[in-house]
Amino acid sequence: MAATDELISIPALLARNVRLYGARPAWREKEFGIWQSWTWAEGAAEIRAIAQGFLALGLNRGDHVAVIGRNRPSLYWSMVAAQMCGAVPVPLYQDAVAEEMAYVLDHCGARFVVCGDQEQVDKVIEVQEQIHHIEQVIYVDKRGMRKYDHSRMNALADVAAEGKAGHFRFDADLDARIAELDYDSTCVMLYTSGTTGKPKGVVLSNRNIIETSKNSSGFDKLRPGDDVLAYLPMAWVGDFIFSVGQAMWTGFCVNCPESAATMMTDLREIGPTYFFAPPRVFEGQLTQVMIRMEDAGRFKKRIFDHYMAVARRVGPAILDGQPVGLGDRLAYWIGDKLVYGPLKNTLGFSRVRVGYTAGEAIGPEIFDFYRSLGINLKQLYGQTEASVFITQQPDGQVRSDTVGVPSPGVEVKIAENGEVFYRSPGTFMSYYKNPESTASTKDAEGWVATGDAGFFEEKSGHLRIIDRAKDVGKMADGSLFAPKYVENKLKFYPNILEAVVFGNGRDRCTAFINIDLTAVGNWAERNNIAYSSYQELAGHPRVYEAIKAHVEEVNRAVAEDPMLSGCQVHRFCILHKELDADDGEMTRTRKVRRNIIEQKYADLIAGLYDGSDSVHTETEVTYEDGRKGAIRATVKMMDAATVAPAQRRAA
Amino acid sequence: MTTDEGYMTADGRKIGGVLMEMKNITLRFGGVKAITDISFDIREGEIRAIIGPNGAGKSSMLNVISGFYVPQEGEVWFRGKKRAPMKPYEVARQGIARTFQNIALFEGMSVLDNIMTGRLTLMQAGLASQALWWGAAQREETAHREKVEKIIDFLEIQHIRKTPVGRLPYGLKKRVELARALAAEPKLLLLDEPMAGMNVEEKEDMCRFILDVNDEFGTTIALIEHDMGVVMDLSDRVVVMDYGKKIGDGPPEEVRANPEVIRAYLGVEHA
């Protein structure tokens, strides 16, 4: 085996994997209804051919190569091929509209763009009207591309074929370029999703990626033979760590779904052993299970309810290896045969050894549901600037309200204002072409401000995150305002998809609610409530009643925490449209953009505070093809009962 | 310019020679004349539209092309040969496939099975081999399945591969029907109102697919459509019918300017 100190770049790791695991599957993709697979040796040959093709097209050292498309082996290969040539891959969000893409392509100055299909090529061509440094557009899927002007455009397969054919010309140059890569050269550049302002290009070195992959793989004992499903945006740091960094470090197999719409089927077919999903995926699956159980026969429903109660009682304890009585173990074993096993199989979680969720807070019921089935679901806390990992939960110490202990090699400290800082081998090099932001985020000693407010629990030593530090504000009476804390509690109800709480600097809190069309629609069907549109359902009086009950329950829970009791929601309205990234209301990773929402719906917010019963409003929406339209609606405002804070009630 | 060898379209596609020619077709149902003395041709690689107001005889025309109706007068020439009256399966074997205005799929069967039926005329294995699913039949099915999977990929319906057709929304059913027609690898594809009852987004998707089919497989397409915008964007040449007669024939912009066509669609101008 090669010495660790030689493994200082992704291409070096690839070469080692070919030596050690050459004949094992490294990438799979479902295409034409069948899982196609490539071993490490086969994949490495493809990557080398693409790299040589890039050289033939004139890719220079230090160039940025933009990669846009859904998760496919050929796009992962293109990224590694770019690294071999001494260039830097820059994966972009594939669902970004052309103008969003224009900013990033302009900022990184990419000469080469690798696109998944015609849709992405069209966007790049649109962008080329404004920026002129893109020299080569390379596409994977040939469909519909025949009529395009190919003077500066190539199919990836042709690029690879040309590289292969001319390998004698390029071998020496390519080997020299691979040899030049060192631990501090740039591995990848990833753009932040831009919750606040313009996206920033985070430059991550080989050291960042490889050290992080090494530490985190060790933490969870990942090994060759593990399977992951690569379905999260390639532009997201997590996907780069899981599907490239950790996959290369440990030599496990990356499986790419057939299309976004088949992801759930593909998940079941692959049965990954290591799985990551944002909370909304777990929420969505649980909602589906519950909806289907509502429609099941009475006998099945009773078995399900009975054994789920058993699982809730003893499942997590069994998973954590705590002592559990023989009777309970037996009941759990029967439940596993009758309910949990088949259910896990249906969900595609039969083989999951390590599962993670992050990005948003996950509802305790949702979290416990999966854990009680025996799925080792854990939480982590991280960000792009840290190469993902800041804290994570060790096996056996998993809870829904914390994000775990500092990951191996990571130091964490809490500033006086409650903001979380960290320092780690994964800490990013810099923001590309943005020294001011780099300086304001990372200090001379390497400490990075996360922008999140949190604290360490004294008993367990686990970190708890309250909110974005800048979102934490003060109410008019000086009490703490932490909107995310309340929003997360609201979102734990299946009926509520999104919530936005207002109240900074005001005397009371109010909220916007987005209903979850799947859950509320199903409820409406069962209760014979007719509706013809999202808007009508959202405005239905009985939906308002149901949401009001949820809000009041949350108010009671919030009131129990004396520090945050001021955040109870006094009035709310249900929005007439879903908050959408296409309208700029959320980021591509589905985080609420508070400022934009505040401006856009200023009339509704005014209505929430001036006591009016309803507000007539008109909202601009953007359709998927980029055209704009408007939705008009009269939105009702409703009061919710609040509870006096705990200590005052005692007085 | 149209010559015997074909012509170039505005977007630079080469259209070939005559694939099918209608010569003086007249079709009667009892005393009712559905089609009166119509002649036109369909060229290789072309997207040819037949338009007209309600009751103009468009669907009858398509049924004549597909061989379902046999005209009392006139001749149908296909690939340089005069066509005799034929059974539907003979038409299919000749390389003509179609979709229907009212979807005609097997509702209880999966999408995959429905599309597989499109390859029926291409299956060669004997009855015994088919029944036992052994030897030639098994190899053949694998090959056919591969073709079908390519079409599923092409039309982006992977996610409903195993879904029974009865559970699908209308727009997707239309796409499945197109897939089944494509599975027969037709020379000539007949589409009877492919966009009827669709919303804007579904129509755009369908247009895309029709253009892609024509581009990718070189399939000649004849379609009937109500939506004028769609027809004008999509087709290379348009036949306009009214009361069973041909009142216009030519490229979309020429047809649009034709006073006869304007009169048929918008009514007569009374000065």
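How many bridges join β8(B) to strand β9 (residues 188-192) of chain B, and do the two run parallel or antiparallel?

Modeller: Four bridges join β8(B) to β9(B), and the two strands run parallel. Strands here are DSSP runs of E with at least two residues, helices are runs of H or I with at least four, and both are numbered from the N terminus. Two strands pair if DSSP finds at least two bridges between them. A word on the basis first. This is a predicted model, where local features need pLDDT of at least 70, side-chain atom pairs count only at pLDDT 80 or more, and totals for chains, interfaces and linings use all residues. Residues are numbered from 1 along each chain as its sequence is written, while chains are lettered from A and ligands numbered from 1 in the order in which they are written.

Back to the strand. β8(B) covers residues 96-99. Both of its faces are covered. Ile96(B) and Arg98(B) are buried on one side, Ala97(B) and Thr99(B) on the other. Buried means 20 or more other C-beta atoms within 10 Å of the residue's own, exposed means 12 or fewer, and partly exposed lies in between; C-beta atoms are placed from the backbone. Thr99(B) has Leu191(B) as its bridge partner in β9(B).

Follow β9(B) into the loop between β9 and α7 (200-217) of chain B, and you find Glu193(B). Glu193(B) is not a glycine, yet its phi is positive, about 50 degrees. Most residues other than glycine have a negative phi. Glu193(B) counts as buried because it has 20 C-beta neighbours inside 10 Å. Tyr243(B) is another non-glycine residue with a positive phi, near 45 degrees. Tyr243(B) sits in the loop between β11 (237-242) and β12 (245-250) of chain B. With 15 other C-beta atoms within 10 Å, Tyr243(B) is partly exposed.

Now chain B as a whole. It has 10 helices and 12 strands. Its mean pLDDT (the predictor's confidence in each residue, from 0 to 100) is 87, and 97% of its residues reach 70 or more. Of its 271 residues, 37% count as buried. The radius of gyration is taken over C-alpha atoms, and the globule rule is 2.2 Å times the number of residues to the power 0.38. A compact globule of 271 residues would come near 18 Å; chain B has 19 Å, which agrees. Along the principal axes, its C-alpha atoms fill a box of roughly 70 × 40 × 40 Å.

Next, the partner chain. The contact between the chains takes 10 residues from chain A and 12 residues from chain B. Contact means C-beta atoms, placed from the backbone, within 7 Å. The chain A side has two nonpolar, four polar and four charged residues. Ala, Val, Leu, Ile, Met, Phe, Trp, Tyr, Cys and Pro count as nonpolar, Asp, Glu, Lys and Arg as charged, and the others, Gly among them, as polar. The model scores ipTM 0.77 and pTM 0.82.

Chain A has 22 helices and 29 strands. Buried residues make up 47% of its 651 residues. It divides into domain 1 (4-276), domain 2 (381-470) and domain 3 (473-650); these bounds come from an automatic or database domain assignment. The C-alpha centres of domains 1 and 2 of chain A lie 27 Å apart. Where they meet, 23 residues of domain 1 are in contact with 19 residues of domain 2. α8(A) gives the most to the domain 1 side, with nine residues. That side divides into 10 nonpolar, 10 polar and three charged residues.

Chain A also holds an open sheet of five strands, in the order β12-β13-β14-β15-β16, with mixed pairing. β12 (274-276) and β16 (405-406) of chain A stand at the edges with a single partner strand each, so one side of each has no neighbour in the sheet. Inside, β13 (residues 354-357) and β14 (residues 377-383) of chain A pair in the parallel sense over three bridges. Gly355(A) has Leu377(A) as its bridge partner in β14(A).

One last residue. Leu608(A) is in helix α21 (residues 602-610) of chain A. It counts as buried, with 26 C-beta neighbours inside 10 Å. Leaving out residues up to four places away in sequence, Leu608(A) touches Thr510(A), Arg571(A), Cys573(A) and Met637(A).

Methods
Two residues are in contact if their C-beta atoms, placed from the backbone, lie within 7 Å.
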